[in-house]
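Please look over the chain below. A short report on selected local features follows.

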Amino acid sequence: MPINAEYRGPADLPEVIPVFPLAGALLLPRGQMPLNIFEQRYLAMVDDSFRDGHRLIGMIQPDVTHSHSEEHPVLFRVGCVGRITQLAESGDGRYILELTGVARFKVVEEMTVLTAYRQCKVDYFPFLDDFTARKGEEAVNREGLLAVLTDFLKANNLKVDWEGVESAPNEALVNALAMMSPYGPAEKQALLEAPDLKTRAEILIAVTEMDLAKKRTSGDPPLQ
């Protein structure tokens with residue numbers, strides 16, 4: 001999705017950003033994530049992002065296995081910052097918005113702040129390639145990815161817009177399938193932290209193949 005801002009590198013992004021911890025949520029560069037915002041602290045976060053002019057939110061997963069507090073869980077060290085590219089008011093106090101991924105970041109430290117939402121000082125430099133669209137997509141095993149997608153759809157009695165799939169560039173295809181995948185937080189984090197698009201596709205293929213093999217062995221019913 002085209003966006004009004006141009007982010008050419010880390011210098012174009014703020015060093016401290018608001019973060020939205022959400023288990024199982026995966027945002028990737030140039031991917032789109034819909035969000036239904038209803039908690040007061042996150043409504044304030046959205047308002048502040050517009051007031052500050054950057055319209056940016058860092059999506060990050062809570063690391064529940066190492067957390068002792070549900071209210072303030074430990075965060076994974078890597079997330080992805082996104083720009084609010086669509087926003088609508090629901091009429092009942094909620095925001096319906098869409099984030100477009102810009103770049104991944106590594107958490108340097110969590111800041112002590114007065115806001116109800118959390119904020120982190122982050123470093124984008126480990127992910128410089130995220131600022132170049134379609135970087136490394138020629139190395140993706142597209143045939144292998146489509147083959148495992150076909151097997152997954154058949155196993156779960158699902159359908160897909162094949163015309164859209166076949167016309168999608170490799171970056172858009174890999175990232176969209178990763179973001180939509182039904183896997184858990186650990187798998188989503190591995191997909192997020194993959195060093196390049198080729199590796200992300202390989203992880204997605206491997207996880208899906210293991211999931212299909214497990215279902216065949218256990219006789220689990222298809223996903224509903």
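Is F20 buried or exposed? F20 is buried, because its relative accessibility is 8%. Buried means under 20% relative accessible area, exposed over 50%, and partly exposed in between, with a 1.4 Å probe and protein chains only.

This is a predicted model: local features need pLDDT of at least 70, side-chain atom pairs count only at pLDDT 80 or more, and totals for chains, interfaces and linings use all residues. Residues are numbered from 1 along each chain as its sequence is written, and side-chain values use heavy atoms, with hydrogens and water left out.

Rings of Phe, Tyr and Trp (its six-membered ring) pair if their centres lie within 6.5 Å; planes under 30 degrees apart are stacked, over 60 edge-to-face, the rest tilted. The count is 1 aromatic pair. F20 and Y42 form a tilted pair, with 4.3 Å between centres and 35° between planes. F20 sits in strand β1 and Y42 in helix α1, so the pair ties together parts 22 residues apart in sequence. Helices (H or I, at least four residues) and strands (E, at least two) are DSSP runs, numbered from the N terminus.

| Residue | Relative accessible area |
|---|---|
| F20 | 8% |
| Y42 | 6% |
| L204 | 4% |

L204 belongs to helix α6 (residues 197-218). Its contacts (heavy atoms within 4.5 Å) include L145, V174 and Y183, not counting residues up to four places away in sequence.

Strand β2 (residues 32-37) covers M33, L35 and I37 on one face; Q32, P34 and N36 lie on the uncovered one. In a regular strand, side chains alternate between the two faces of the sheet. Strands pair if DSSP finds at least two bridges between them. β2 and β5 (residues 95-110) pair antiparallel over 6 bridges. I37 stands opposite Y95 in β5.
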